[in-house]
Amino acid sequence: MTDNSTLNADRRELDKFAELAHRWWDPGSEFKPLHDINPLRLDWIDENCGGLAGKRVLDVGCGGGILAESMAARGANVTGIDLGERALGVARLHMLETGQQLDYRLISAEDMAREQPASFDVVTCMEMLEHVPDPASTVRACAALVKPGGQLYLSTINRNAKAYLFAVLGAEYVLNLLPRGTHDYARFLRPAELSRFCRQAGLGVEEIIGMSYNPLSKVYALGSDASVNYLMRAGAPRAAGV
Ligand code: SAH
């Protein structure tokens, strides 16, 4: 790992996740929203990448491995990276329990990009950018990790009054879906900002899709409403002549 002065990480953010790490796979825990949204995002990725089976996939900010393991179960060859040591420990234990084979590593996206540029068919980075000091740097690193013709899948939270109301006040204070202090509004990213980071990193934005939560039915759904949570798919150009 690079020395801390250059590391694109916030120790307080990492500590928040470290404290909860042992509950990562408890579907009734603070991580319930991640368990609930996982089938939606997994199917969306699988459908749009031409099938995960056989693909080389990198999950950046994989945490305890909810998405990473589910992609491996669909037949992808998955590497998961995170700067949270405890989450990675939980991910490795869970992988042994379920008999999946993944490679989990404690390394930043930026270091991974220097080590293995243009190596992955699919790179995913979900629900992490809103915890990072320099999200543009993370997107650049993710883009550098994608093979020519490959894809990057991102998800984060929009920045507007409604997102503040739903993602911070609603989720953390009213519905108690998340621990208080989970999200810092200033770090939320508008789709236009995230699109710009992708374009500046040489990727073409292919789709932006909203993810909404109905507090009455307690059901999450993908759709056109990107005003709070959203996902973005971006593609790397094919190599010249291919
Ligand atoms: N992507 C997973 C986990 C999201 S929780 C999922 O969607 O299921 C956010 C994760 O980001 C945590 O595991 C936390 O340790 C990680 N994280 C936060 N800041 C990070 C950084 N700067 N570099 C790498 N991982 C980071």
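Predicted model: local features only at pLDDT ≥ 70, side-chain atom pairs only at ≥ 80, totals over all residues.
Figure 1. Of the 242 residues of the protein chain, 53% count as buried. The accessible surface of the chain amounts to about 11,000 Å², and carbon and sulfur atoms contribute 53% of that area. Along the principal axes, the C-alpha atoms occupy a box of roughly 55 × 40 × 40 Å. The radius of gyration of the protein chain is 17 Å, which agrees with a compact globule, because a globule of 242 residues would have a value near 18 Å.

**Figure 2. Secondary structure and contacts of the protein chain.** Eight helices and eight strands make up the elements assigned to the protein chain. Among contacts in the chain with a separation of 6 or more, 69% are between residues 24 or more positions apart.

**Figure 3. The shell of residues around the ligand.** The ligand is surrounded by 16 residues, and the closest are Asn8, Arg41, Gly61, Asp82 and Met126. Sorted by class, this shell holds 10 nonpolar, three polar and three charged residues.

Figure 4. On its own the ligand has 580 Å² of accessible area, and the protein covers 98% of it. Two elements give two or more residues each to the shell around the ligand, namely α1 (11-20) and α2 (32-48).

**Figure 5. Helix α8 and its packing partners.** Helix α8 spans residues 191-200. Its buried residues are Pro191, Glu193, Leu194, Ser195, Phe197 and Cys198. The buried residues of α8 pack against a helix, α6 (135-145), and against the strands β5 (146-157), β6 (204-214) and β8 (229-235).

Notes:
Residues numbered from 1 in each chain as written. Heavy atoms only, no water. Near = heavy atom within 4 Å. Areas by Shrake-Rupley, 256 points an atom, 1.4 Å probe, with all protein chains shown as cover. Helix = DSSP H or I, 4+ residues; strand = E, 2+ residues; numbered from the N terminus. Nonpolar A, V, L, I, M, F, W, Y, C, P; charged D, E, K, R; others polar. Rg over C-alpha atoms; globule rule 2.2 N^0.38 Å. Buried < 20%, exposed > 50% of the residue type's maximum accessible area, 1.4 Å probe, protein only. Contact = heavy atoms within 4.5 Å.
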